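User: I would like to learn how to read the features of a protein model one at a time. Could we go from the overall layout down to single side chains?

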Amino acid sequence: MIDRYTKNGILEAADQKKLARKKIAVIGCGGLGGYLIEMLGRLGLRHINACDGDVFSVSNLNRQLLATEDNLGTNKAKAAAIRMENASEKNREKRITAPSR
């Protein structure tokens with residue numbers, strides 16, 4: 001796992017392992033939340049609980065990282081989970097969860 005993050009230039013290997021074990025929640029997955037989830041997931045956090053009851057609309061496309069034409073009408077937390085799952089290492093536990101209603 002650590003090899004994947006060696007070029008982040010921010011953390012030593014021991015700190016990277018600690019970070020991978022942390023659990024956080026991001027409330028709101030739109031403008032700021034989408035960028036936070038992306039950054040934290042790519043830094044190596046494995047356990048992110050994304051919470052957002054809203055869905056993507058056309059007005060989100062120009063300003064929200066996770067908004068795409070393909071996921072209009074999709075719950076923002078679910079879209080975040082899918083995006084980070086696609087960016088995660090194979091055969092590894094999920095990094096992000098989106099509570100279902």
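**Reading the model**

Analyst: Among contacts in the protein chain between residues at least 6 apart in sequence, 55% join residues at least 24 apart. The model is predicted.

User: What pattern of helices and strands does the protein chain follow along the sequence?

Analyst: Begin with the secondary structure elements. The protein chain has 3 helices and 3 strands, and their order along the sequence is α-β-α-β-α-β.

User: What percentage of the residues count as buried, and how much accessible surface does the protein chain have?

Analyst: Of 101 residues, 38% count as buried. The accessible surface is about 6,300 Å². Carbon and sulfur atoms account for 51% of that surface.

User: How do I check the span of a helix, taking α2 as the case?

Analyst: Compare the distance between the end C-alpha atoms with the expected span, which is 1.5 Å times one less than the number of residues. Helix α2 has 13 residues and should therefore span 18 Å; its end C-alpha atoms are 19 Å apart, which agrees. Helix α3, residues 76-87, has 12 residues and reaches 17 Å from its first C-alpha to its last, close to the expected 16 Å.

User: What is found at the start of α3, and what follows α2?

Analyst: At the start of α3, a side-chain oxygen of Asn75 comes to within 2.9 Å of the backbone nitrogen of Ala77. After α2 comes Gly44, with a positive phi near 120°.

User: Which residues of α2 are buried, and which of α3?

Analyst: Read burial from relative accessible area, with under 20% as the cut-off. In α2 the buried residues are Gly33, Gly34, Ile37, Glu38, Leu40, Gly41 and Leu43. In α3 they are Lys76, Ala77, Ala79, Ala80, Ala81, Met84 and Ala87. Ala80 has a relative accessible area of 0%, so it counts as buried. The C-alpha atoms of Ala80 and Glu38 are separated by 8.1 Å, although these residues are 42 apart along the chain.

User: Is Glu38 buried or exposed, and with which residue does Glu38 form a salt bridge at 2.5 Å?

Analyst: Glu38 is buried, with a relative accessible area of 11%. The residue in question is Arg42: the closest N and O atoms of the pair are 2.5 Å apart. Glu38 and Arg42 are about one helical turn apart because they lie 4 residues from each other in helix α2. Arg42 is partly exposed at 47% relative accessibility.

User: Which side chain meets Glu38 in a salt bridge of 2.6 Å?

Analyst: That side chain belongs to Arg83, with 2.6 Å from N to O. This pair links distant parts of the chain, with Glu38 in helix α2 and Arg83 in helix α3, 45 residues apart. Arg83 is partly exposed, at 31% relative accessibility.

User: Which residues make the nonpolar surface patch?

Analyst: Leu32, Leu36 and Met39 make the patch, which covers about 290 Å². Met39 is in helix α2, residues 31-43. With a relative accessible area of 43%, Met39 is partly exposed; patch residues must have over 30%, so Met39 passes that cut-off.

Note on methods. Residues are numbered from 1 along each chain as its sequence is written. This is a predicted model: local features need pLDDT of at least 70, side-chain atom pairs count only at pLDDT 80 or more; totals for chains, interfaces and linings use all residues. Side-chain values use heavy atoms; hydrogens and water are left out. Helices (H or I, at least four residues) and strands (E, at least two) are DSSP runs, numbered from the N terminus. Buried means under 20% relative accessible area, exposed over 50%, partly exposed in between (1.4 Å probe, protein chains only). A polar contact is a pair of N or O atoms within 3.5 Å; within protein, one must be able to donate a hydrogen and the other to accept it, and residues adjacent in sequence count only if both atoms are side-chain atoms. Patches are made of residues with over 30% relative accessible area and no salt bridge: like charges are joined within 9 Å, nonpolar side chains (Val, Leu, Ile, Met, Phe, Trp, Tyr) within 5 Å. Accessible areas come from the Shrake-Rupley method with a 1.4 Å probe; for residues, only the protein chains shown count as cover. A salt bridge is a side-chain nitrogen of Lys or Arg within 4 Å of a carboxyl oxygen of Asp or Glu. Contact means heavy atoms within 4.5 Å.
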